[in-house]
Amino acid sequence: MTFPCLRAATRRARLPFAVALAAIAVCAVGPALAHASDNSAQSVGAAPSIPSGAVNLGAAPSAQPLKFDVMLRPRDAAGLQAEALAVSTPGSPQQGDFLSVAQVAARYGQTDGAIQAADAGLRSMGLTPGAVTANRLTIPVTTTVAQAQRSLGTSFASYRLQSGTSFIANTSAPRLPSPLAAITDAVIGLDTLPYQDAAPLRGSGLSSADGSAAVAPGPNPCAAAKVAGTEQDGYTYDKLAEAYGINGLFSAKHLGKAVKVGLFEIDGYLASDVKKFQACYKTDVPVTLVKVDGGPGGTPAGQGEAALDIETVIALAPKSSVLVYDANTHDSYSGDTVDNLTKMFDADKVQVVSISYGICEPSVQAEFPGLIASENTLLEQASTEGISTFSASGDTGSEGCERNGNGSAALATSDLGSQPFTTSVGGTTLASVGLPPTESVWNETALSAGAGGGGISQVWSMPSWQTGPGVINSFSSGHPCGVSSGDCREVPDVSADADPLGGYMIYYSGGWEDIGGTSAGSPLWAAMVADIASAHTPRKLGFLNPTLYSGASTGTGLFNDITAGNDDYGEIHSGSYPATAHYDMASGLGTPIATGLFGLIN
């Protein structure tokens, strides 16, 4: 039997493999729900791989509480992808026709009947489902390990990582009744494996930050920040604003007014640190903590990631508002990720989002089955709502698994930065401030400080918007992501200063410290776009990659083209990937010229 929706899905050009599978499965949903009396069970996804070096401690405690998410499949996965692209593409009749969450749910979420059947099915299994999320795509479930074992047909084991952190994980794929399995993309959060490295990179005073005076008006740091910047060879935000033309936005009074910036966090921060920073820069940006899954855990000051993100936005978008969506540091990374993104996008309160976290694609696929596809659906939702998202590309160059992953030196990129509906932000070394600044690809191999992430995705085919000079090059390939024709997604899309040996001066844990990594470049881009959006009505610019790539193909004065260096962090891949004229997989399209981008995307 051939389904009409399957015929429509197969006609869509450049449909990513994962989305194509989802589209095909959607066609079978109707018949599956029609046979709701079928009590047979089907496996959903796979068991997670256990990180190398982890010790099996035996069976997980049966009374341990467990929460997980049943991620429902969009009713029209191909249609959601097409709409997310259409509202973001220059020249499209739908450009800027963004949807509300209710409209997303009505068009692409599951029906009342399907959700009621899913709820009843989960309860009949002895589980306790919560209310479906606003997008009608996630059913949260609370239970215990013992009940999950009985209901899902899998055992759970306890493990201890080499770091000493303990966690539990299911030992086989969960099983759901066939009607529910037919509309389920993934079961997320059955493990409690946390994010294992949330710390941004610290400087060590080995570089020389440029000392030129900032162009007024712009961020105005206090004397203490300037002195610390000189002592630590770090950049205060007036220097960063000068380097990237953000002062031109300040001159035009585009300061992020009425724009809300959402920050994805799995890290704590001290309100007192933020208060000290604001006193230094004479700002009064509202910062609101939105707790997700209980909110941040760990040490009160966190590891500096949240402070870096918050303070970067405050300094560079001083009239914006910041919403910090912060999940539990020691909870399930996969569960926290989908819950964090869902809460942020379902609330639809923010116009711009920065995500400074990620793990290399091979590790995510192995350790968190189903997470990449679930993230993709949520980022498509954000795009249909007009939310601009920026994600750090990673800090170990073209060897994406070396730091946040399995330790492999093989070529790899990082998720979420490689997702096709986010703007991936790579890293440069900012040697001197000026117009233009002097920059090269960030790669501190000799000092083991890190390198800007970039390369070829092993999951996603090249999106239709990824075109222009340099995109198809001698390194382009369809092999890593397994496409039969065409090439795979390349990252990063853009870059910004990321070198910690000349990092961003933030106030953290009671003092000034320079911090770097691509997790600094992502909030810089988010803040700059918030400034641009503050001159725009309505204040949503949407997913920006189609506009950025088309602009780079036809215009000038938008990016500082990085042509020096490479991101071969381990120096074992023959310099892959080198910076070149135009687009490259070491620096993307380049670093921002804010005044030029204002004319392009406003």
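In the predicted model, the side chains of Lys67 and Asp331 form a salt bridge, with an N to O distance of 3.0 Å. Lys67 belongs to strand β3, whereas Asp331 sits in the loop between β13 (321-327) and α14, so the pair ties together parts that are 264 residues apart in sequence. Asp331 has a relative accessibility of 15% and therefore counts as buried, the limit being under 20%. Lys67, at 38% relative accessibility, counts as partly exposed.

A salt bridge also joins Lys67 to Asp293, where the closest N and O atoms are 3.7 Å apart. This pair again links distant parts of the chain: Asp293 is found in the loop between β12 (287-292) and α13 (305-316), and Lys67 in strand β3 (residues 65-72), 226 residues away. Asp293 counts as partly exposed, at 24% relative accessibility.

The structure holds nine salt bridges. One of them is formed by the side chains of Glu83 and Arg107, at 2.8 Å from N to O. Here the link runs from helix α4, which contains Glu83, to helix α5 (residues 101-108), which contains Arg107, the two residues being 24 apart. Glu83 is buried at 9% relative accessibility, while Arg107 is partly exposed at 39%. Through shared partners, Lys67, Asp293 and Asp331 are joined by their salt bridges into one network.

Helix α4 (residues 77-86) has eight of its 10 residues buried, so this helix is largely enclosed by the rest of the structure. Besides Glu83, the buried residues of α4 include Leu80, Gln81 and Gly79, as well as Ala77, Ala78, Ala84 and Ala86.

Helix packing was examined for α14 (residues 333-347) and α16 (residues 371-384), whose axes come within 10 Å and cross at roughly 10 degrees. The two helices are therefore roughly parallel to each other. On the α14 side, the contact involves Tyr333, Ser334, Thr337, Val338, Leu341, Thr342, Phe345 and Asp346; these meet Leu371, Ser374, Glu375, Leu378, Leu379, Gln381 and Ala382 of α16. By class, this contact comprises eight nonpolar, five polar and two charged residues.

Aromatic pairs number 18 in the structure. In one of these, the ring centres of Phe475 and Tyr577 are 5.3 Å apart and the ring planes lie at 90 degrees, so the pair is edge-to-face. Phe475 occupies the loop between β22 (455-461) and β23 (488-491), and Tyr577 the loop between β27 (559-560) and β28 (591-592), with 102 residues separating them. Phe475 counts as partly exposed at 30% relative accessibility, whereas Tyr577 is buried at 6%. Elsewhere, ring pairs link Tyr237, Phe277, Tyr281, Tyr504, Tyr507 and Trp512 into a cluster.

Conventions. Residues are numbered from 1 along each chain as its sequence is written. This is a predicted model: local features need pLDDT of at least 70, side-chain atom pairs count only at pLDDT 80 or more; totals for chains, interfaces and linings use all residues. Side-chain values use heavy atoms; hydrogens and water are left out. Axes are lines fitted to C-alpha atoms, for helices over the stretch in contact, and angles run from 0 to 180 degrees between N-to-C directions. Helices (H or I, at least four residues) and strands (E, at least two) are DSSP runs, numbered from the N terminus. Angles under 35 degrees count as roughly parallel, over 145 as roughly antiparallel, 65 to 115 as roughly perpendicular and the rest as oblique. Contact means heavy atoms within 4.5 Å. Ala, Val, Leu, Ile, Met, Phe, Trp, Tyr, Cys and Pro count as nonpolar, Asp, Glu, Lys and Arg as charged, and the others, Gly among them, as polar. Buried means under 20% relative accessible area, exposed over 50%, partly exposed in between (1.4 Å probe, protein chains only). Rings of Phe, Tyr and Trp (its six-membered ring) pair if their centres lie within 6.5 Å; planes under 30 degrees apart count as stacked, over 60 as edge-to-face and the rest as tilted. A salt bridge is a side-chain nitrogen of Lys or Arg within 4 Å of a carboxyl oxygen of Asp or Glu.
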